[in-house]
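Dear colleague,

Please find below the structure that I am handing over to you. My findings follow it.

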Amino acid sequence: MEKPKQDYEVAISSLKKDRYRITEPRKALLRLLVDSQKPLSAEDAHIALGAGNYDLVTVYRNLEIFEAAGIATRIPTESGKSLYELNAEEHHHHHIICRKCHKAEKLDHCEIEKLETLATRLGFTEVTHVLELYGVCGDCR
């Protein structure tokens, strides 16, 4: 089975397991996330789906459901806007996000584990982190 189809089927199974209805808007949004090469904002997803086909509130509501079901990750930006991506990756990663156009690039390297180890040595448990980097991309420079 090819990877995008497998990712789609796994996500649909997760939604069913959590007793979410499998509606046409959910399937369309899920296909969009599976096929996307980058994280998307709700507004970008709304436009890509055809703004006349689904209202923006439906897109937001379904992205929140995807996040609650564990099939999508919300990536906050400095401006308060959120980007979403499918949880198909099997390894931990972060992003660098353009302050102007909100384009996000994946960073596969994470040095924060050293700080988590230090926090554990200080007696903290269940240590996690959230890290996103911000800058201005080459197109916006």
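β2 and β3 form a hairpin with five residues between them, and G80 in the turn of this hairpin has a positive phi of about 95°. Strands here are DSSP runs of E with at least two residues, and helices are DSSP runs of H or I with at least four residues, numbered from the N terminus. The model is a predicted one, in which local features need pLDDT of at least 70 and side-chain atom pairs count only at pLDDT 80 or more, while totals for chains, interfaces and linings use all residues. Residues are numbered from 1 along each chain as its sequence is written, and side-chain values use heavy atoms, with hydrogens and water left out.

β2 (residues 72–76) runs antiparallel to β3 and is joined to it by five bridges; two strands are taken to pair if DSSP finds at least two bridges between them. Within this pairing, T73 stands opposite E85. Strand β1 (residues 40–41) is also antiparallel to β3, with two bridges, and S41 has L83 as its bridge partner there.

How many residues of β3 are buried? Five of its five residues are, where buried means under 20% relative accessible area, exposed over 50%, and partly exposed in between (1.4 Å probe, protein chains only). S82, Y84 and L86 point one way from the strand, and L83 and E85 point the other way.

The largest nonpolar core has 23 residues. Such a core is a set of buried Ala, Val, Leu, Ile, Met, Phe, Trp, Tyr and Cys residues joined through side-chain atoms within 4.5 Å. Those with the most contacts inside this core are L29, L30, L33, V59, L63 and F66. At least two core residues come from each of α1 (3–17), α2 (24–35), α3 (42–48), α4 (56–68) and β3 (82–86), and α2 gives the most, with six. Leaving aside residues up to four places away in sequence, L33 touches L40, L63, F66, A72, Y84 and L86, a contact being heavy atoms within 4.5 Å.

Yours sincerely
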